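Here is my note on the model you asked me to look over. Please read it next to the coordinates.

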Amino acid sequence: MRIAIISDIHGNREALQSVLDFLDHQNVDRILCLGDVVGYGPEPAWCLTKIMERCEVVVAGNHEHAVLGLLDLDYFNPVARHATHWTRDALTEDHMKILRSWPLTHIEDDFTLVHGSLDQPDLFDYVQTSWEAHLSFQQLKTPVAFIGHSHVPVTFLLSDVVDYSTEERVVLQPGQQAIVNVGSVGQPRDGNPDSSVVIYEPDNALIERFRVPYDIPTVQDKILNSGLPEFLADRLPEGR
Ligand code: ZN
């Protein structure tokens, strides 16, 4: 079984299409999504429809909760707030119904899915330090959790202590648990502008991360022509 996990698409059609084309050649059995399908990018409706076509499971991100009015917008910076209002106007009531149907967590025998932290999924905390990872590990009942939210791919490994790995390929030792941030499809922030995607083979305890380039200038043009903040176009080639 090969399971692809994607996150933080953020209305970036070109990035999502490139990642799905890549996965079509990777012999994956399932595609799962960790939320923030919408927000920031110029094509939230297209991405939402495509995700519902291709992904078996989707959990909600903070941008979905913001668009639905479930999250106080004071929590957002001005650019994110502007983008949230813009995204609301770009979606129909049917789209909203789909967003409302997404759970905060999804648990199977081999893995757990959540957008932010496992200890308080509804608060969308970041998991970036060993301490934050420790709090999530305390709630983790499966070998692996896949998370998103920070747009920075990283793997936390639990042995006697919480360890940190940026390796593209991780094989879990027997009994070892991991929290894997899969990075972002539509707005990477680790200095690499290419989309990030993870493929998990539970039978081999293998977690592998890939980067996929996409047509950034086309998305930038769409952002600039849509009335979204210019900063959202400027950051994409920087991967920031
Ligand atoms: Zn995000």
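1. **Basis.** This is a predicted model, in which local features need pLDDT of at least 70 and side-chain atom pairs count only at pLDDT 80 or more, while totals for chains, interfaces and linings use all residues. Residues are numbered from 1 along each chain as its sequence is written, and side-chain values use heavy atoms, with hydrogens and water left out.

2. **Zinc donors.** Four residues coordinate the zinc ion: D8 (OD), H10 (NE2), D36 (OD) and H151 (NE2), at 2.0 to 2.3 Å. Donors here are N, O and S atoms within 2.8 Å of the metal (3.2 Å for Na, K and Ca); water is not among the atoms, so sites may look incomplete. The donor spacing in sequence is D-x1-H-x25-D-x114-H. D8 sits in the loop between β1 (3-6) and α1 (13-24), and D36 in the loop between β2 (30-33) and α2 (44-54), so the pair ties together parts that are 28 residues apart in sequence. Helices (H or I, at least four residues) and strands (E, at least two) are DSSP runs, numbered from the N terminus. Both D8 and D36 are buried, meaning under 20% relative accessible area with a 1.4 Å probe, protein chains only.

3. **Zinc geometry.** The site is irregular, with angles of 85 to 178° among the 4 donor atoms.

4. **Sheet with β1.** This open sheet has 6 strands in the order β3-β2-β1-β11-β12-β9, with mixed pairing. Strands pair if DSSP finds at least two bridges between them. Its edge strands, each pairing on one side only, are β3 (57-58) and β9 (169-171). β1 pairs with β11 (residues 195-201) in the antiparallel sense over 3 bridges. Within β11, I199 stands opposite A4. Helix α1 packs on the sheet, touching β1, β2, β11 and β12 (206-212), and its direction makes about 30° with that of β11. Contact means heavy atoms within 4.5 Å. Axes are lines fitted to C-alpha atoms, for helices over the stretch in contact; angles run from 0 to 180 degrees between N-to-C directions.

5. **Sheet with β6.** Another open sheet of 6 strands runs β4-β5-β6-β10-β7-β8, again with mixed pairing. Here β4 (105-107) and β8 (162-165) are the edge strands. The twist averages 15° from one strand to the next. β7 (residues 154-158) and β8 are antiparallel over 4 bridges, and L157 has D163 as its bridge partner in β8.

6. **Strand β6.** Which way do the side chains of β6 (residues 144-147) point? V144 and F146 point one way, A145 and I147 the other, and all are buried. β5 (residues 111-114) pairs with β6 in parallel over 3 bridges; β10 (residues 177-181) also runs parallel to β6, joined by 4 bridges. V144 is the bridge partner of F111 and stands opposite A178 in β10.

7. **V67.** This residue lies in helix α3 (residues 62-67). V67 counts as buried because its relative accessibility is 4%. Its contacts, not counting residues up to four places away in sequence, are V38, T84, T87, R88, L91, M96 and L99. V67 and H85 are 18 residues apart in sequence and 7.4 Å apart in space, C-alpha to C-alpha.

Conventions. Four donors count as tetrahedral if all angles lie between 85 and 135 degrees; four count as square planar and six as octahedral if opposite donors are over 155 degrees apart and all others between 65 and 115; anything else is irregular. Buried means under 20% relative accessible area, exposed over 50%, partly exposed in between (1.4 Å probe, protein chains only).
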